[in-house]
Amino acid sequence: MLGVFPSGGQSSMAGAVQSAQRYRRDGLALLNCAPYHPAMRRFFRFPAVTLAALLACACSAQTTPTYPAHMTGEFAHDTSAFTQGLLYYDDALFESTGKYGQSRLRRVAPANHTVTREIQLPEDYFGEGLARVDDQLFWLTWHAGRAFVFDIHSFEQVGTRRYEGEGWGLTYDGRHLIMSDGSATLRVLDPGDFSVVRRIDVHDGGQAIDKLNELEYIDGEIWANIWYSDRIARIDPDTGAIVAWLDASTLRTALGDAASGANVLNGIAWDPDQGRIYLTGKYWPKTFTVAPPRGIAPAPDRP
C-alpha cells in the first residue's frame, strides 16, 4: 500500500518545529525579566526574532509527499503503440494512440493483450486523450481542435465536438470532462457542447505545474502524467493543489533491457471494482497494475 509517510519526513519536521517552539518560548521567558535588566533586554531581542524566523522557515519547509508505486502485476503491451489515453471499462482496457497515420482506438483484453476491436483516424489527425461518458468514448486530437465521439460497443462515430487550442489528456468526473493541453491549467468541459465550465490551475505549493498530460479521475482526485517525468500528480479538483506525488520510476526499472526503447510514462486507468490502477507508457512493452494509495478503496468496500 502507498499510505506510509516518506521515511523520516514527518518525524524530523515535527522535531524541528518543537525545538524551535521550545527555544522561542525559553527566549521569551527570559525577555520577561528584561525590564529589570536593560542590558539583557537588548541581548535577548535578537535571538528571539531569529528564532521566530527559524520557526516560520521550519513550517514552510513542509513538502508535498511522494509515494512509490507498488507493482501488483504486469501484462504485455504493444510496443508500436504511442499511448495517449487509457481507461478501464467492462473488463477491458480502451487505449487511444497518436502519430499522424498511426492514431488508433482499440479495445484490449488485459490478460492476453488480445485486441477485440480497433479503428483508425484519417491520416491528417493526430490522436490524443480518451474518456468515457456513459456508453460513449470521447477521443481528442492534438492540433485539429476536434474531439470525435464513438459508441463504446460498436466504435461507430456518433458525434463531434470542437474546442480551441491543443488537446492532450481527457477524463470524466461523472458530470464534466476535464481536459489538459500541456499547460498548468485544466479545462472543465460540458460534454454536450465542450463549453468551458471553469478552469483549474494546478500547483504544488506556490509553483505552477505544467506539462500535464494523460488524465484519470480516481476516487475524487485527478491523476495526471507529467510529460517527460516518471511522476504522477494527484490533484485536488476543487483547488488545483497537488496533494501527493506517485513515483513510478520503479516501473521503468522493471522494463529491464526494453527500457531503452520505451518512451515517456503515459497512460493511467482505474478499475474501481477490483481496486487496481493500470499504468503504461508510449512504446512500452508492458502494462503494470499498481496498488491504490491508502484511502482509495475498491467499490465494494465503500459505504
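Trainee: How many aromatic pairs does a search of the whole structure find?

Mentor: The search finds 14 aromatic pairs. Rings of Phe, Tyr and Trp (its six-membered ring) pair if their centres lie within 6.5 Å; planes under 30 degrees apart are stacked, over 60 edge-to-face, and the rest tilted. Note that this is a predicted model: local features need pLDDT of at least 70, side-chain atom pairs count only at pLDDT 80 or more, and totals for chains, interfaces and linings use all residues. Residues are numbered from 1 along each chain as its sequence is written, and side-chain values use heavy atoms, with hydrogens and water left out.

Trainee: Why is the pair of Phe138 and Phe194 called stacked?

Mentor: The ring centres are 6.2 Å apart and the planes meet at 15°, so the pair is stacked. Phe138 lies in strand S8 (residues 136-141). Phe194 lies in the loop between strand S13 (185-189) and strand S14 (196-201), so the pair ties together parts that are 56 residues apart in sequence. Strands are DSSP runs (E, at least two residues), numbered from the N terminus.

Trainee: What makes Phe138 buried?

Mentor: Buried means under 20% relative accessible area, exposed over 50%, and partly exposed in between (1.4 Å probe, protein chains only). Phe138 has 1%, so Phe138 is buried. Phe194 has 4%, so Phe194 is buried too.

Trainee: And what kind of pair do Trp284 and Phe288 form?

Mentor: Their ring centres are 6.4 Å apart and their planes are at 85°, so the pair is edge-to-face. Both residues are buried.

Trainee: Which residues does Leu279 touch?

Mentor: Leaving aside neighbours within four places in sequence, Leu279 is in contact (heavy atoms within 4.5 Å) with residues including Ile232, Leu246 and Phe288.

Trainee: How do you know whether Leu246 is buried or exposed?

Mentor: Leu246 has 2% relative accessibility, so Leu246 counts as buried. Leu246 lies in strand S20 (residues 242-247).

Trainee: What makes Arg107 and Asp90 a salt bridge?

Mentor: A salt bridge is a side-chain nitrogen of Lys or Arg within 4 Å of a carboxyl oxygen of Asp or Glu. The N to O distance here is 3.9 Å, and the side chains meet in a salt bridge. Arg107 is in strand S5 (residues 104-109), and Asp90 is in the loop between strand S3 (83-89) and strand S4 (92-97).

Trainee: Why is Arg107 called partly exposed?

Mentor: Arg107 has 22% relative accessibility, so Arg107 counts as partly exposed. Asp90, with 43%, is partly exposed as well.

Terms used: Helix = DSSP H or I, 4+ residues; strand = E, 2+ residues; numbered from the N terminus.
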